[in-house]
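Hi,

Here is the structure I promised to pass on.

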Amino acid sequence: MPESINPLEAARREKLRKIAEMGIDPWGGRFDNTQPIAAIRNRESEIVAVGAGDCHVGQPPEMHGPLVRAAGRIVLQRRAGKLMFLDLRDWTGQIQLLIGKSQVGEQNWQLAQQLDLGDIIGVDGELNRTRTGELSIFVSQLHFLTKSLEPPPEKYHGLQDPELRQRMRYLDLAYNEGVLQRFLKRTHIVQSVRQTLADHGFVEVEGPTLHAIAGGAAARPFITHHNALDIDLYLRIALELHLKRLLVGGLERVYELGRVYRNEGISPRHNPEFTMLEAYQAYGDYHTMMELTEQIVLQAIRAIGADPAQMQFAGQKLDFTAPFARRTYDEVFAEHTGVPADDPEAIRRYATQIGLETAGKHPDVIKSEVFEAKVEDALIGPVFVIDYPASICPLTKRKRHRPDIAERFELYVCGMEIANAYTELNDPDLQEELFSRQLEGLPEEQSMARMDRDFIRALRHGMPPAGGLGIGIDRLVMLLTDTPTIRDVILFPLLRPEAQ
RNA sequence: GGGGCUGUAGCUCAGUAGGUAGAGCAACGGACUUUUAAUCCGUAGGUCUCGGGUUCGAGUCCCGACAGCCUCACCA
């Protein structure tokens, strides 16, 4: 349906026609027995001198390499008369192809004249080095696999416009240095997280994403509607409450790794849908979860071939050698504000000083806002900040004999909250009271503005004491791949729809 | 939602005081059997995001809209 009169596309369609005329399907088909380009490059050592004994003194020996078959996209081309050099890329690497008119024969040469940047081809040929030493496939047979009708991005700078990079992620992946590798690393990190949890005896489950009550966090939910039941439903904002029901049901080590949705602003660290891990371990506590967190992070670093002792994020050197530092909330609070953590009046004065509104707020809320404003960014870490003010932790067990302190930690690295974990509150009466207190005076739109009575009922049936852990997978991937924006670790971040 | 920045050829970017738009890459034609961001000669390619306004004249100045980025707010 070519409605475009773009001359660049027209030229490519003309070549497409010529390929078809040659009796070749320009859209290709099954092409077996290819070797990954990275694997082909590894066979360089198989290039050896043949018949070296017959060589005249002073004459270089004739080199021969293995026959190989590769497939991929043409990303660069250099034509030199009856010889052409193409750079072929697949998802493992890139290699130069050398096509000589007299070497490939008339038919192949004619086909080669119809090649454009972006086309997908397969080749058979010998792995060898050119005169200048560049490892190359000396093509003996060309296989045309797919025509690209659109011109690729600029060959040196790639696709720079951040909007186009996100809207046309396929181009970002196909042509921009390191993008595909970064997303493959994401996959390896996620696989590693699952493996570490499996190694610790956890089972993975799939909870509902459509919730009648969006609980487990305080965020505005996305609202949708079920027609047959004629009820509004919410896309889940957390995994917590259903996983805890499963603890009640006897799944002693259980986790879910999946998407949650929060109808909030978009920023370099926030996307409306993001990937969350939550894991719950019966008979554990937040210390158990710290050890698990260390294992998950360390294994993930190893899974992408990095050295835990020499990580880097945003120019900051990081050492992930376990154990990570453990500092109490009050310690880091006092250290980075110079205000005693146990002096609400001093904290209030300080908060006012730095421009925070304090009127009518609970002292712990003020403390928490000061923490976010002044302490978080200063936490390079990795550091477990432990023992939070209880009043800002409605789902957390209190410290024995210290009802004002909750057994909670957050893992901070470079000012980013990577993990959040509790010793889980399993007292149904206290849980109900905390929910009720939280509901007081909350605006209608707040997601927690409804009591999840079934969850309380589940607790009344007995939830074993447990440790629970949440990890923001996107932020973990950002951290481990040194990527400063969440948009670049999410394949298709939310954008406004393109104007039609 | 507030504030700031950006939007020019398919892509990457210039654009001088306001005077009818330039380069590189890509494309097209030509030369080249060892190039590697190949090189050399030539050709073609534009609703300057969109809509108003000021002006004899707007890519440029003003207003508005749209989109993206940064930032603040929201996000226990």
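Predicted model: local features only at pLDDT ≥ 70, side-chain atom pairs only at ≥ 80, totals over all residues.

**A buried glutamate, and a few other things**

Glu407 is buried but makes no salt bridge: Lys399, the nearest side chain of opposite charge, sits 4.2 Å away.

Glu407 itself belongs to strand E19, which covers residues 402–413. If you skip the neighbours within four places in sequence, the residues in contact with Glu407 include Tyr286, Asp387, Arg398, Lys399 and Tyr422.

Now for another glutamate. Is Glu177 buried or exposed? Its relative accessibility is 74%, so Glu177 counts as exposed. You'll find Glu177 in the loop that links helix H5 (169–175) to helix H6 (179–199). Tyr156 is 21 residues away from Glu177 along the chain, and their C-alpha atoms are 9.9 Å apart.

Last, a sheet to look at. Three strands make up an open, antiparallel sheet, in the order E9-E11-E10. Strand E9 (210–211) and strand E10 (223–226) are the edges, each pairing on one side only. E10 and strand E11 (residues 231–235) run antiparallel and are joined by four bridges. One pairing you can pick out by eye is His226, whose bridge partner in E11 is Ile231.

Cheers

Conventions: Residues numbered from 1 in each chain as written. Chains lettered and ligands numbered in written order. Heavy atoms only, no water. Helix = DSSP H or I, 4+ residues; strand = E, 2+ residues; numbered from the N terminus. Buried < 20%, exposed > 50% of the residue type's maximum accessible area, 1.4 Å probe, protein only. Lys, Arg positive; Asp, Glu negative; His and termini not counted. Salt bridge = Lys/Arg side-chain N within 4 Å of Asp/Glu carboxyl O. Contact = heavy atoms within 4.5 Å. Pairing = 2+ DSSP bridges.
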